[in-house]
Amino acid sequence: MDFDLKTVSVRDLNQALHDMDETTTGEVTVLNPDGCHALACGIDAPINVNIKGHAGYYCSGMNKQARVTIYGNVGVGVAENMMSGTVRVKGNASQSAGATAHGGILVIEGDAAARCGVSLKGADIVVKGSIGHMSAFMAQAGRIVVCGDAGADLGDSLYEARIYVKGKVASLGSDCVAKEMCNEHLAELKGLLEVAGADADPAAFTRYGSARELYNFKIDKSSAY
Amino acid sequence: MTKESPGLRESATFTRDVIAEIHRAAETGIYDIRGFGAKRVLPNFDDLLFLGASMSRYPLEGYRERCETDVVLGNRFAKNPLHLDIPITIAGMSFGSLSAQAKEALGRGASEVGTSTTTGDGGMTPEERGQSKHLVYQCLPSRYGMNPDDLRKADAIEVVLGQGAKPGGGGMLLGQKITDRVAKMRTLPKGIDQRSACRHPDWTGPDDLTIKIQELREITDWKVPVYIKIGASRTYFDTMLAVKSGADVIVLDGMQGGTAATQEVFIEHVGIPTLAAVPQAVEALNELGMHRNVQLIVSGGIRNGADVAKCMALGADAVSIGTAALIALGCNHPKWQTDYEEMGTAAGYYDDYQDGRDPAGISTQDPELAARLDPVVGGRKLANYLRVMTLEAQTLARACGKSHLHNLEPEDLVALTIEAAAMARVPLAGTNWIPGAK
């Protein structure tokens, strides 16, 4: 099924995708996306969606079940609040990629800008390139893998999300610390890299997590806020 | 000597409560966090009076002529706007800050009189959805519990930018209230102090918000209204930008608005009074030609039908209550005086919602305390209270000759103080003077 956005509106595309359910399978191709916003958001069906070009803000927002591939770059908030499924970006992603996502996996084959994985709530994010500053801010659960470098203040006010970075980290945010890579982490990372199709050695990564020093207010820690 | 003894003079600067707070700060090393709302004296709706009809206006018969109260919210873009029987809605309050019983009681009470209730910073509970005929689903910076299934179950969506008790601040829920169920709903470790972000994670500024609202509408197939809630501060500009961003409804929360847990310094020193904020919002809507097209819901210290009627006379389409609704459920009731005394407080003063030990079973997650609140009884009390407020507002409207609460207008009001006249933009009583009027 093809939707050419030169002739079909975003509303018509999304309505058609929303009319699909558990019993729907198959391929949907979106042509000429031309940076339109809110493409393929709110899907709840086990379908494949291929977006042939650049997408705007909130592409595949709140996705459930669907496997969405964007053959281009994406704007702010790709796969925001995703619940399940897969979203793969062939190009680069703007800010807040995978923000608040609960489940599923977001793969970004290029770079991701600031606040990647902000307030993450359980989803996995694999970025083959680098990520911008304030990524994983207040990330609560889930895993973020970065094959390149990470910008400043990584994992500020982190909760229980795990972060793996292969390259350099400009700086760590409050309460984010480097942690030991145990076998379980190496195995977990290996699996994520395989799913994402990223060719990297898990042993070359450093794991970061919460020091849990700010979980409850202590006056002696007030300078950390 | 007692405090009444002659010769004792209390400092107007270092009052007893100021002294107590300095002692407390010195002992604990942490700022005071509490619930409730602003306790300082502020210009408010008591500073306004209605001009009842006499010779120059016809009143309506109190028990014979109808005064309608219904309101439609969200008919700018939504396919299914809310049709409420009364213009008094229940404000957003989270499961987590409130017990499940309290949330259910709010839903029951609101539904009984045909109005809406609102979720909060913890997602939607089945109890609340099940008992709420009209349920508004909040989209907050934390996005705790946010999911597309609940989004589609909602009758409206409220994007929360701010709260009157703390414009510019994020939510807060201290560890003692993060139980297993609350922790699971919020994807947080049990027992931590939860401090929500004050900015949304995936948009910044009105241009982004316009697109965010487009996404929410797409996900819900443009069926339900999208509200934007702002804390009263730069109200004129924020209202303008909310309309520009595509809001169907603007919720304006003045500084008397309640909170489950916020720093005392924030509650008492940030924002502007509800009375001052309403005319600013209405001015912005009028300038855009959107008054009544984008509906205005006002909250922050609404207590009775007079407040409702005065808000509507100033241009609001509806009001929202939070603290008053909790009081209707039994918060601060003298029947719990012994429990309050054990906590060092008293009925009428209790504001430690953050503590989770509410003897009335409302702002708690303690199962034994929460069980004290029967949702059916609580719902009935809330419904009674909402009916009383509505009757009071109707009484005042009829006295002004209005057959619908929406027909009340600023011309029906005068102010008792210069401050209230300037803020509400109505004449000082007995004069035609509106301070600051151009």
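## Architecture of chain A

From the N terminus on, the elements of chain A follow the order β-α-β-β-β-β-β-β-β-β-β-α-β. That order comprises two helices and eleven strands. The radius of gyration of chain A is 18 Å, close to the 17 Å that the globule rule gives for 225 residues, so chain A is as compact as a globular protein of that length. The model described here is predicted.

The C-alpha trace of chain A spans about 60 × 35 × 30 Å along its principal axes. Of the 225 residues in chain A, 55% are buried. Among contacts in chain A with a separation of 6 or more, 23% join residues 24 or more positions apart.

## Architecture of chain B

Chain B contains 15 helices and 16 strands. Along the principal axes, the C-alpha trace of chain B extends over about 70 × 60 × 40 Å.

Buried residues account for 57% of the 438 residues in chain B. Residues 24 or more positions apart provide 67% of the contacts in chain B with a separation of 6 or more.

## Interface between the chains

Contact between the chains involves 37 residues of chain A and 23 residues of chain B. On the side of chain A that touches chain B, helix H1 (10-18) and strand E7 (121-127) each supply at least two residues. The most is given by H1(A), with four residues. Classified by residue type, this side of chain A has 16 nonpolar, 15 polar and six charged residues.

## Nonpolar core

The largest nonpolar core has 205 residues, and A:Leu106, A:Val145 and B:Ile250 have the most contacts inside it. Helix H14 (residues 375-399) of chain B contributes the largest share of this core, nine residues.

The surroundings of A:Val145 can be given in detail. Leaving aside residues up to four places away in sequence, A:Val145 touches A:Ile125, A:Val126, A:Val127, A:Tyr164, A:Leu189, A:Leu192 and A:Leu193.

## Helix H6 of chain B

Helix H6 (residues 205-219) of chain B has 15 residues, which at 1.5 Å a residue should span 21 Å; the end C-alpha atoms are 21 Å apart, in agreement with that expectation. The helix is mostly covered, with eleven of its 15 residues buried. Among the buried residues of H6(B) are B:Leu209, B:Ile211, B:Ile213, B:Leu216 and B:Ile219, and also the charged-type names B:Asp208, B:Lys212, B:Glu215, B:Arg217 and B:Glu218.

The buried residues of H6(B) pack against H1 of chain A, and also against strand E7 (134-139), helix H4 (148-153), strand E8 (156-160) and strand E11 (226-231) of chain B. Just after H6(B), B:Asp221 adopts a positive phi of about 55°.

## Strand E14 of chain B

Strand E14 (residues 295-299) of chain B is mostly covered, as five of its five residues are buried. Both faces are covered: B:Gln295, B:Ile297 and B:Ser299 are buried on one side, and B:Leu296 and B:Val298 on the other.

E14(B) pairs with strand E12 (residues 249-253) of chain B in the parallel sense over five bridges. Within this part of the model, B:Leu296 in E14(B) is the bridge partner of B:Ile250, and B:Ile250 is also one of the residues with the most contacts inside the largest nonpolar core. E14(B) also runs parallel to strand E15 (residues 318-321) of chain B, joined to that strand by three bridges. There, B:Ala318 in E15(B) is the bridge partner of B:Ile297.

Methods
Residues numbered from 1 in each chain as written. Chains lettered and ligands numbered in written order. Predicted model: local features only at pLDDT ≥ 70, side-chain atom pairs only at ≥ 80, totals over all residues. Contact = placed C-beta atoms within 7 Å. Core = buried A, V, L, I, M, F, W, Y, C linked by C-beta atoms within 7 Å. Buried ≥ 20, exposed ≤ 12 C-beta atoms within 10 Å, placed from the backbone. Rg over C-alpha atoms; globule rule 2.2 N^0.38 Å. Expected span 1.5 Å × (residues − 1). Pairing = 2+ DSSP bridges.
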